[in-house]
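Please look through the structure below with the following explanation beside it.

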Amino acid sequence: MHDDGKLNEDLVARENAFGDLDENPGSDRDRKRIRGGVHTDRQHDSAIKHVTGRADYTDDIAEPAGTVHAYLGLSTRAHARITSLELEAVRAAPGVLDVLTADDIPGVNDVSPTSRNDEPVLVTDKVEFWGQPIFAVIAETRDAARRAAQLAEIAYEDLPFVLEPDEARDQDMPYVTPPLTLKRGDARDAMETAPHRIKGQMRVGGQDHMYLEGHIAFAIPGEDEDVIVHCSTQHPTEAQHMVAHVLGVASNAVTVNVRRMGGGFGGKETQMNLFCAVAAVAAKKWDRPVKIRPDRDDDMSATGKRHDFVIDYEVGFDDEGRIEAVTGEFAARCGFSSDLSGPVTDRALFHADNAYFYPHVLLNSHPMKTNTVSNTAFRGFGGPQGVIIAERIMEEIAYHRGRDALEIRKLNFYGPDGRDVTPYHQTVEDNIAPQIVAELEAQADYQARREAVLDWNERGGVIRKGIALTPVKFGISFTATWYNQAGALVHVYSDGSIHLNHGGTEMGQGLNTKVAQVVADAFQADFETIKITKTTTEKVPNTSATAASSGTDLNGMAALDACEQIKARLVAFAAEKWGVAPEAVRFLPGRVQIGDETHSFAEFIKLAYMARIHLSAAGFYKTPKIHWNRETGQGRPFYYYAYGAAVSEVSIDTLTGEYIVDRTDILHDVGKSLNPVIDRGQVEGAFIQGMGWLTTEELWWDEAGQLRTHAPSTYKIPLASDRPRIFNVDLADWSENRENTIKRSKAVGEPPFMLGISVLEALSMAVASVDDYRTCPRLDTPATPERILLAVERLQGGS
C-alpha cells in the first residue's frame, strides 16, 4: 500500500527543490539571484496541488447549513412556441423546494454580454435551440433537482429551424450582429486582370471547450441586496454586472470570487452568466445558499462553442504564385443570439491574411442567426478560422502551379517596400515570420524530409505520407479597445511578506505564477514570500476578461505599477532616513542596500512600517497605441504580433482513412519569455487542441436539431496516443518584443493553437499523392478518417 502522507511530503520536497530551476543558493548577503524571478523556469504555483487533488475549486467550497441545489430544465425542440408548461409534478417531486421561472426574476431577464438584450436567462414563450433553459428546479440535493427537472410536461408548437450558416444565409436569416467589411485596393478589378484565378469553398467545423471542470456557480445571500457568487468564470466583472442586472440591483451589491478554474478556453467568458444568475436569483428568493452544476451532457447542450464557418474564397495570382487579389465571404454559425459573435467574426477577418500580403483584398463577415446554442469565445477567438483560409489559399496556388506550398508561402510573406499593410490598414512593423520559418525549416530538416515523403509516395502502396510547414502571425489585444486595461492590488506586510491580487483569472495557464514572478522581480524578493489570492470584484473593480491572450500583458503591468508605487515611497523613506540620494537605494536579492548599509528585505520593511510608510498600492495599466474604427474597417487594433511555425509529418491509410501524426517540430515566438517552461507547456497544449479541432472533434446535429455529440463518449478530443510520435517544441530565444510589454515578453495562450493547421495541410498532401498532386483535395474540417477516405476515393475516381 502507498503511504499518501509520505507521497505528499515527497512531492512538496520536490516542489521546494525544483520549483525554480535557476535557483542560486546562498545567503541573502551574497546571492546574486532571487528564487522565482522573471525569465526563469518556475513550475506552476498550484502544480503539486493539481496532481494531488489538493487544489480547491468552486465545488470544493464547504457548503453552509441550508445549502440547496439548482438544476436546469431544458427545451427539447430546436425552434418552437411553448403552448403549455406544467410544473406540478416537478414541484411535488421528493426533495424539491420550488421551481424558478422567468416570472421569478426581479430584474431583467437577460444575460447577453452585448446591449442587444437577446439572451434570456429563462425563456417565456418561445425556444430557439434544443437545450435552451426554460426553468430551474431548486431542491435539497443535486440529484433530487436533476431527477425532478425531467418531470416537466411541456407542449410545443414546432416552427421551422435552420442549423447551417450557409443555409441561414440562403434563407435570408438575420444577422445576430452587424457585419464587418475589410478592404484595401480594388479587389474586383485586380481579380479580373490576374493571370490565374481560383474559387473555392471551405467548411470549417466548430469545437467544444471540453474543460475538465464544468460550469458551476455557488451563491450565498447576504444582508440587504448583497450576494456573494463563487464561480468558474474568466470574466468576474461581467458575471457581477449580469447578476446585478438580473437581480435589479447595483453592481456594488454583488461580489464575484474566482480562486481558479479547471480550464476555460473562452467557454467561461460569457457562458457562466446563466449559471451565476440562476444561483443568485434563487439564493435571494429563498434566502439560502444555492449551488448549480450541470452534468456534462447538459453543459455541452446548453453552452456555446467555437463558431463553425462556411467560407467562400477567390484568389488571383501570377505565374510565380504571387497573390494579386483575394476576396472572402465568411458565413458563421452564430446561434440564436449575439453573444460574442460580432468580435469573433471580426477577428476571423483580421486573421484571414495570416502572415501574407494581399495587394488587393475584400473580406466580408456574415454572422448568421441559426437555431443552435449561441456560439461564443474559444481560444483564438475567430482567428483560427481566418488563418486556415489563408493556408488553404496558399495550398490551392501550390497545387495549381505544381510547387511546394512552402515556396508559395515564402513568396507571399509580408515584407518591406509597401508589402507591409494589412487588410485593416495596420502596418506590420515587427515581421519575424520569415526568420522563424527559415530557422525551423533548417532545424527540422524540412527539405530532406519532404524529398523522403515524395520518394515514399512515388512507390505507391496503401500508406501515404504528407508533410507541411505552416506559419502563424497573430495580433495581440482586445479589438474592443476599452477592454485593454487592468488593475492590481499589492500589499507588503510588516514582516516582509507580500499579498498579490489582480483582475486576471487563473485557469491552469500559469497567469498567477507569471504575475507573481513580476512582483518578486520588482521587490527582489523570493517567489515564496508572495501570497497569490483569489480574483474578486471586492479588491479589483471593472476587470477585463482573461482572454485574447492578454492576461499577463495587462495584469503583469498593473501589478508592476503597484510595486513601483510602493518602491517609490520606500526609496523616498530610505533617502530621507539615511541621508542619501535616491539613486543610492537599491533593491538587491533578498535585501536593500542604502548607501553603505544593507538590510534584509524584511528588516527594511519593518523599519518602513514603523516610520508609517504606506505599504499598499492599487496598480493600473492600459495598452498604448491601439485604436480601431469599425465603421471604416481601419486602425491599429493590435499592439503587436506573435509568430510561430510548425512542421508536421503524417501517414494515412488509404483503405480506411485512418492516420497518425509521425512528427511535429515547432518554433514559437514568445518574446523574452517570463517563464520558458510554462510557455513551452502552453505551446504544446495549444498545438494539440488545435490539431483536435481540425481532426477528431466533430459537432453533429441530427435532423431534429439536437446536438448528438454532447459527451466524451461521442465527442472525441485527442488522446495521449494521438500526440505526434516525435514532438519537438522550441522557443525562439532570440526574440524580444519591440513594444514595451511586461519585461518584453509576448502572449502565448492563443497563437500556437493555429500551428495545428500544419497537420491538416500534411494530411492534404498525403491525400493529394493518390492523384500525383494534380488536385487540391480541399479537405473540410474536422478531417476525420471518414473525410480522409472520401477525399482519397474522390481523387482516385478522378472527381
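Ser341, Gly342, Val344, Thr345, Asp346, Arg347, Ala348, Leu349 and Phe350 are the buried residues of helix α10, where buried means under 20% relative accessible area, exposed means over 50%, and partly exposed lies in between, computed with a 1.4 Å probe and protein chains only. Since these are nine of the ten residues of α10 (residues 341-350), the helix is largely enclosed by the rest of the structure. Helices (H or I, at least four residues) and strands (E, at least two) are DSSP runs numbered from the N terminus. The model is a predicted one, in which local features need pLDDT of at least 70 and side-chain atom pairs count only at pLDDT 80 or more, while totals for chains, interfaces and linings use all residues. Residues are numbered from 1 along each chain as its sequence is written, and side-chain values use heavy atoms, with hydrogens and water left out.

Strand β15 (residues 360-369) has nine of its ten residues buried and is therefore largely enclosed by the rest of the structure. Two strands are taken to pair if DSSP finds at least two bridges between them, and β15 pairs with strand β14 (residues 323-335), to which ten bridges join it in the parallel sense; within this pairing, Gly328 has Leu363 of β15 as its bridge partner.

Six bridges link β5 to strand β1 (residues 68-74) in the antiparallel sense, and Leu72 has its bridge partner in Ala136 of β5. Strand β3 (residues 96-100) pairs with β5 in the antiparallel sense too, over four bridges, and Asp98 stands opposite Ile138 of β5.

As for the division of the protein, an automatic or database domain assignment supplies the bounds of domain 1 (27-55 + 485-622), domain 2 (63-160 + 215-293) and domain 3 (309-479 + 629-798). The C-alpha centres of domain 2 and domain 3 lie 37 Å apart, and 20 residues of domain 2 are in contact with 19 residues of domain 3, contact meaning heavy atoms within 4.5 Å.

What surrounds Glu761, leaving aside its neighbours within four places in sequence? Glu761, which lies in helix α19 (residues 757-768), is in contact with Glu391, Glu395, Arg409, Ala468 and Thr470, and at 6% relative accessibility it counts as buried.

On the surface, Trp456, Val462, Ile463 and Leu655 form a nonpolar patch with about 340 Å² of accessible area together. Such patches are made of residues with over 30% relative accessible area and no salt bridge, with like charges joined within 9 Å and nonpolar side chains (Val, Leu, Ile, Met, Phe, Trp, Tyr) within 5 Å; a salt bridge is a side-chain nitrogen of Lys or Arg within 4 Å of a carboxyl oxygen of Asp or Glu. The areas come from the Shrake-Rupley method with a 1.4 Å probe, and for residues only the protein chains shown count as cover. Trp456 is found in helix α14 (residues 446-458) and counts as partly exposed at 33% relative accessibility.
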